[in-house]
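Welcome, and please have a look at the entry below. The notes after it walk through its nonpolar core and its salt bridges.

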Amino acid sequence: MNEPRIERRREKRMRSLLGGHVVMNSKYSTVDCLVRNIAEKGARLHFGGTPYVPQEFELRIDGRNGKRMVRKIWSRDGDMGVAFD
C-alpha cells in the first residue's frame, strides 16, 4: 500500500503553468521550461527532457517582469526544484 507523501516545503506553493526560460553562459544560451508551481522562495520547473543547466542560473518567467537568479536544489525525470536567491 502507498504511504502518504511527507510535505517538506516550508511554504505553500501555488500551481502554475507559465512559460519560463533558463538563461546561462553569459546570456548566450537559453533553455525553455514550464513553471509548474511557484512560491516566494522557490519554484518547480519542468523540461521536455533532462537538460544540462549549471547549479546557479537566471530564470525569466513569461508574463512577469524581471528575472530571478536561482539555485538548483534537486533534479529528477525532467523536473527541477529551484530556490530564488
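What follows covers the model, the core and the charged pairs in turn.

## About the model

This is a predicted model, in which local features need pLDDT of at least 70 and side-chain atom pairs count only at pLDDT 80 or more, while totals for chains, interfaces and linings use all residues. Residues are numbered from 1 along each chain as its sequence is written, and side-chain values use heavy atoms, with hydrogens and water left out.

## The nonpolar core

Let's begin inside. A nonpolar core here is a set of buried Ala, Val, Leu, Ile, Met, Phe, Trp, Tyr and Cys residues joined through side-chain atoms within 4.5 Å. Buried means under 20% relative accessible area, exposed means over 50%, and partly exposed lies in between (1.4 Å probe, protein chains only). The largest such core has 17 residues, and those with the most contacts inside it are Val22, Ala43, Leu45, Phe47, Phe57, Leu59 and Val82. At least two core residues come from each of strand 1 (14–24), strand 2 (29–38), strand 3 (42–46), strand 4 (56–61) and strand 6 (79–84). Strand 2 gives the largest share, 4 residues. Strands (E, at least two residues) are DSSP runs, numbered from the N terminus.

Leaving aside residues up to four places away in sequence, Phe57 touches Val22, Val23, Leu45, Arg68, Met69, Val70, Met80 and Val82. Contact means heavy atoms within 4.5 Å.

## Salt bridges between separate parts

Now for the charges. The whole structure holds 3 salt bridges, each defined as a side-chain nitrogen of Lys or Arg within 4 Å of a carboxyl oxygen of Asp or Glu.

Arginine 44 pairs with aspartate 79, with the closest N and O atoms 2.9 Å apart. Arginine 44 sits in strand 3 and aspartate 79 in strand 6, so this pair ties together parts that are 35 residues apart in sequence. Arginine 44 is partly exposed at 27% relative accessible area, whereas aspartate 79 is buried at 13%.

Arginine 71 bridges to aspartate 85, the closest N and O atoms being 3.4 Å apart. Arginine 71 belongs to strand 5 (residues 67–76) and aspartate 85 to the segment after strand 6, so the pair ties together parts that are 14 residues apart in sequence. Arginine 71 is partly exposed at 32% relative accessibility, and aspartate 85 is exposed at 52%.

## The remaining pair

Arginine 60 forms a salt bridge with glutamate 58, where the closest N and O atoms are 2.7 Å apart.
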